[in-house]
Amino acid sequence: MTTNHNKAGKIILEVILVLLSLLFLYPLFLTIINSLKSFGEVMTDVIALPQKLTFSNYAYVWEFINYPRLFLNNFIITGVGLLGIVFISSIAAYKLARTKTRWSGVLYFLCIMPMLIPFQSIMLTVLQTAKNLNLSESTWGLGLLYWGFGAPLAVFIYHGFVKGIPTEIDESATIDGASGFRLFFSVIFPLLKSVTTTIVIIDVMWIWNDFLLPLLMVNGSPETKTLTLAAYTFVGQYTSDWQYAMTAMVMAVLPSIVVFIFLQKYIVKGVVAGAVKG
Amino acid sequence: MLKTLGKRWREKFEFGIFTLPVLICIAVAFYIPFAMTIRYSMTKWNGISKHPKFVGLDNFKQIFAGDTNFSDAAWFTIKYAVLYIVIVNVLAILLAVLLDMKLRSTSWLRAAFFIPYILSLVIVGFIWKFIFMQGFNSLGESTGWAIFDLSWLGTPGLAFISILGVSIWQSIGFYLVIYIAGLQSVPEDLKEAATVDGAGPLRRFFSITLPLLAPSITISVFMALTNSIKVFDVILSLTGGGPGGTTYSIAYDIYRDTFQNNLYGYGTAKALILFLAVLAVTIIQLTVFKRREVEA
């Protein structure tokens, strides 16, 4: 009797939760349907489904913001940033975790301390430093700059993970004649695969969507803009043309949604590993 | 003798090769700009002239003596941070407990609540601006509920609630995932033992689950704290600081001073105060929370 009672309760709870999650996603649903409507339809009724699907908004925005170009920019910035962060952070974290001197402790602290510095505290001087190094107004330069911004968290996560790998592994590889980069890349780095996935996921979502740093660094010319920046300026110019604004939103977030759908399993696992380890 | 000396040097050389790249990058991104920030905070500078004028601690005196923009923004940020941290963590724990039960739709539900987190905050702000300004009209007409007729972005109190609500909507999935991971490390046999001893669901939650969830709570509160003190993007696109400048956060105020009003030295001084505040609050939070954690 009680088990039946429990079962019924569970089903009711499940139905409530599913309805809640649909309500939770409703704003995104509204965004998508309004990107497929004409101006008149958006103005008369936002919540109605489109009478017929019009993709002309997409063609217009694609052309207007030069979507392929911006997509490429985002791709370069995220790719350059990611490769650098993973490379420089993993080798440094490995060496710092394996070397037990006072120096390595101090350097490790210096590496992770910046996690507490709010970006707004240094944004003006970051801009100046980037200008002095000829990194501003360039997608590649912005990608390079992310190396330093992403490194503290990556070093922190890698460092914690390397400590869990037994040193015997290093020793036996050294006896076999491997040392330095050889040892790291053919023995240690493969063992860091799961934590590398975590870092890649966290950093892709962050760099792809970042707003303030691109706004300061590459907002000057349409050649270097990113998708989020373009959506921001586009909406500024077209505040009343909501159908175009909604289309621009969908187009800016679509790549991350696609990535999410494919990597969903790893993303949730990755965030967990990163957050709980850290 | 020579051989060991050579080995020592080789090890030092290797240590340098492995660690220098990251140190250089972090220095360029953080330490050099941070040192410059300290220097500029003691100057009066419009950002254009070649020689910033050194004024000592005048900027700081001026800020504390009665900069209402700064104190209003600080008050807004404190209110926002406290409410955000409490609400997002309580809701995420509740939701995590529900989603930790074996339901058929668990994986769909987790993904659904996580999706807003993968969107950029600026875009989330615009989407909600559209919903508050246009969507609520239609919803009001079709349901007749007065709640949709309120001016959610045009009244100071409601604009605050809107910003808070939208931020929570965007990020709750992230905290949810952390708590689900934490719940999975709570041993089943402890809960069973408590059930045998006659503890009800509520008692079990407060006496067993919650204390064992402490490490997840520490990390979640830390993340919520550092993120909420820096709130900027969502305000920029949702209210732009309005109505009547009531929704400026400290980060927004700094941005406005340095990049819109060209008060470079003055804005930088504010930025330094923000840094010290973040540092102090996070150190206090981490020590207090770490002390309360228990081992499973």
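I began with Asp253(B) and Lys270(B), whose side chains meet in a salt bridge at 2.8 Å, N to O (a side-chain nitrogen of Lys or Arg within 4 Å of a carboxyl oxygen of Asp or Glu). This pair links distant parts of the chain, 17 residues apart, with Asp253(B) in helix H11 (residues 250-260) and Lys270(B) in helix H12 (residues 264-292) of chain B, helices being DSSP runs of H or I of at least four residues, numbered from the N terminus.

The model is predicted, local features needing pLDDT of at least 70 and side-chain atom pairs pLDDT 80 or more, while totals for chains, interfaces and linings use all residues. Side-chain values use heavy atoms, without hydrogens and water, residues are numbered from 1 along each chain as written, and chains are lettered from A and ligands numbered from 1 in written order.

I then looked up accessibility (1.4 Å probe, protein chains only; buried under 20% relative accessible area, exposed over 50%, partly exposed in between): Asp253(B) is buried at 0%, and Lys270(B) is buried at 1%.

For contrast in setting, I checked Asp58(B) and Lys61(B), which form a salt bridge at 3.9 Å; Asp58(B) is partly exposed at 40%, and Lys61(B) is exposed at 57%.

Methods: Helix = DSSP H or I, 4+ residues; strand = E, 2+ residues; numbered from the N terminus.
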